[in-house]
Structure formats: C-alpha cells, structure tokens
Amino acid sequence: MSASDGGTYAPAPVPAAVVEPGDFTFAAIGLDHGHIYGMCQGLIGAGAGLKWVYDPDPAKVEQFRARFPDVRVARSEEEVLADAEVGLVAGAAVTSERCALGLRVMEAGKDYFTDKAPLTTLEQLAAAREAVARTGRKYAVYYSERVHVETAVFAEQLIEQGAIGKVIQVIGLGPHRLNAPSRPAWFFERARYGGILTDIGSHNVDQILHYTGSTDAEVVSSTIANHAHPEHPELDDFGDAHLVTDTGAVGYLRCDWFTPDGLQTWGDGRTFILGTEGYIEQRKYMNLATSDGPGHLFLVNGEQERHFNVTGTVGYPFFGRLVLDCLNRTEDAMGQAHAFKAIEIAITAQNQARDLSNRG
C-alpha cells in the first residue's frame, strides 16, 4: 500500500482455515454459472472438504473436475442429498431454478449456499422464507462483489473502525462485458435470469444495506432499458435504482452490459461510500489506464488521503464464518434476514422499474 502521509489504518490479516480436514463436508449441485468455482474455492480455503458434484450436463461436470480433481461425481442429485456427511450444498443453477434447488436441499436437512441472485420472484422468496423458518436450515447467498472482493472487505473494516464516521450514502456501479456469443440461451430470457436489477443489482443492494447498517430500504425510483441489443429483446442492458434506507442513508446503483472491448477486464466496478467524516472509493477490479491490477481502495478523512492496494492482504473471512455458522447455527457471515431483504429490494426495483427501451 502507498500513503500520502501517516495513519494507522491497515487491513486485518488474511484469515486462516477455520476447521481441520474432515470437520466439514460440502457438495456442489448446479454448474450453470461460473461463480460456482469461486464459491467452492472459498469454502475449501476455509478448510471445508468438497466431496460430491452433480449436474445433468457431463461436460460441465468434467470441466468442474479439471479444477477440483478429487471430487466424486454423483449419479443423481438424490445421491448427494442422501449423504449424511454433507452439511452444505453449494449451487449455481439457472437463476430461476435456484430457489427450487434450495428448497430440496433444506428439506433434505442440509444448508444451502447459492449464487446470486438467489431467486427471481417474490413468490419464490416467500417459499424460501417459509422453508427456512420450518426446517431451521440456512439459505446463504454468494453476493460475491462484497464477500469475495478484498477492497469490499477492507471497506467494511474501515467503517467499523470509524474511519469515515456514519455512512450516509453508497453508490454502487456494476458494469459488465456482455460477451453475448459465450452466453447460454437462458441468460437472455427474462423469466429465467430475472432482469438486470434482480440479477446484477442484488449485489449492489446487498452492499448498500450492509455498509449503511440498514435492515430495509424503500425503492424511490428505478429504470431498466434495452438500449442496444434488439436481437435479444428480453435483455435489460441497463438498469438503475435510487434507495432510501431505514437509517436515513441513500443508495444509488447502476448496472449495465456496456463494458467496451478496450477495457482490460470485464468491468470497472466501483463503489463510493460517503460518511459524515470522510469517504471511501473502491476500484475493485482494476485501476483505470494502469497495469496496477485489482484491489485499490482510496480513503479520505480529516486526517489524510490514502491509497491502499489490498490485493492478497485481506482475504475473504465470509467463507470461514459461513462454515462456522453451519456448524454452530450462528449468523456471523451474513444474517438470513439480510440475505433475503437484499433480493426482495432488488426484485421490487425490477418490478417497479420504468422501461426506457425504444425511446430514441
């Protein structure tokens, strides 16, 4: 890290594994999105053991085995769910199918860890909430742009240390590169991917609630559009929303599929956090027009302005906390109410959005 002057703020050390080999076993079901690799790697880094994989597509299974060669290939989903040794099932199914998978996992007496968006409709959300209450199992969500990004982890640490005072605004920008030819057909079907605010926007709602310490938020306004992809009429290539939280803070999020080919990575994701005594900017995945790589955080407060590069210095404590939550029945990684509220607000923003397509 570099600094313009002194200061005592520093990242907490990278967390160690929280369990010994054999103490916690998990499986993977549903390989439709590449996030499954990060989910599994994070759990393994926390000390968990990956025992099974199942997907009806043999090609996806073979690709997964190339990354995790010690995993056993199940003949069916039922074979995985019948294994009493498995405590958690991680899944990245087609977005609209994630809730149904989670219900089956929880009914089998196991905790569930799903990619975002964790579901696509308010009806699915009601079913998930009911199942969690009835079974006592977890429906954990991989909001990766906070839990698996080191600048996001460090920003949380700084806020907890009081570095910027009370958080009063969070702006989250979620640009992505479309790479349309590489996408599966379901990616362009609204009923299956849920819309851009449900999908990508759920990341940003999670961060707005988390950094402001809020438990709820009102959707003041939201928009969606298909500005430039008429060949995919059900695709939202742009979406934004304005939120007001129950702590009196304001959130703004913008998601899009307009990352240009000239950018060095898939998206220049940034988060701006304004406090009463300073502000933070996260340049998560790159520092524009440099070869500095990811992991840049800028802090300004009454003492200093400072640039941190936290790549490899913070780690991802979420995964160890999730493992321990499953073992101890706690909620240190992410509260269940928070995980569901973030997607509820994202779906509400999607459902209420003004569609700006074909306006010029």
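This is a predicted model: local features need pLDDT of at least 70, side-chain atom pairs count only at pLDDT 80 or more; totals for chains, interfaces and linings use all residues.

Visitor: Okay, which residue forms a salt bridge with R137?

Guide: R137 pairs with D111, and the closest N and O atoms of the two are 3.4 Å apart. The pair links distant parts of the chain, since R137 sits in the loop between α5 (122–135) and β7 while D111 belongs to strand β6, 26 residues apart.

Visitor: And is D111 buried or exposed?

Guide: D111 is buried, because its relative accessible area is 1% and the cut-off for buried is under 20%.

Visitor: Where does R129 sit, and what is its partner E344 part of?

Guide: R129 is in helix α5 and E344 is in helix α12 (residues 336–352), which puts the two 215 residues apart. Their side chains meet in a salt bridge of 2.8 Å, N to O. R129 itself is partly exposed, with a relative accessible area of 33%.

Visitor: Which residues are linked with R129 in a network?

Guide: The network of salt bridges links R129 with D216, K341 and E344.

Visitor: Let's change topic. How many strands form the open sheet, and in what order?

Guide: Six strands form that open sheet, in the order β4-β3-β2-β5-β6-β7, and the pairing is parallel. The edge strands, each of which pairs on one side only, are β4 (72–73) and β7 (139–142).

Visitor: How many bridges are there between β6 and β7?

Guide: Strand β6 (residues 111–115) pairs with β7 over four bridges, in the parallel sense.

Visitor: Then do β9 and β10 run parallel or antiparallel?

Guide: β9 (217–225) and β10 run antiparallel and are joined by eight bridges. Within that pairing, the bridge partner of E218 in β10 is V244. β10 and β11 run antiparallel too, with seven bridges between them, and there L243 stands opposite G251 in β11.

Visitor: How many residues are there between β10 and β11?

Guide: There are four residues between them, and the two strands form a hairpin, with G248 in the turn having a positive phi of about 90°.

Visitor: Why is β10 described as largely enclosed?

Guide: Strand β10 (residues 238–245) has eight residues, and six of them are buried, so the rest of the structure largely encloses this strand.

Visitor: Which side chains does S214 contact?

Guide: The side chain of S214 makes a polar contact of 3.0 Å with the side chain of T245, and another polar contact of 3.0 Å joins S214 to the side chain of T247. S214 lies in the loop between α10 (201–212) and β9, and it is buried, with a relative accessible area of 7%.

Visitor: Last topic, pockets. What is the volume of the largest pocket?

Guide: The volume of the largest pocket is about 1000 Å³. Its lining is made up of 39 residues, and those nearest the centre are H33, G34, H35, R183 and W266.

Visitor: Which helices supply at least two residues of that lining?

Guide: Among the elements that do so are the helices α1 (35–45), α2 (58–67) and α6 (144–147).

Visitor: And how does the lining divide by residue type?

Guide: The lining of the largest pocket divides into 15 nonpolar, 13 polar and eleven charged residues.

Conventions. Residues are numbered from 1 along each chain as its sequence is written. Side-chain values use heavy atoms; hydrogens and water are left out. On a 1 Å grid over the protein atoms alone, a cavity is a set of points where a 1.4 Å probe fits but cannot get out, and a pocket is an open set with protein on both sides within 12 Å along at least five of seven lines; lining residues have an atom within 4 Å of a point. Grid points are joined across faces, edges and corners, and a volume is the space filled by probe spheres set on the points. Ala, Val, Leu, Ile, Met, Phe, Trp, Tyr, Cys and Pro count as nonpolar, Asp, Glu, Lys and Arg as charged, and the others, Gly among them, as polar. Two strands pair if DSSP finds at least two bridges between them. A salt bridge is a side-chain nitrogen of Lys or Arg within 4 Å of a carboxyl oxygen of Asp or Glu. Buried means under 20% relative accessible area, exposed over 50%, partly exposed in between (1.4 Å probe, protein chains only). A polar contact is a pair of N or O atoms within 3.5 Å; within protein, one must be able to donate a hydrogen and the other to accept it, and residues adjacent in sequence count only if both atoms are side-chain atoms.
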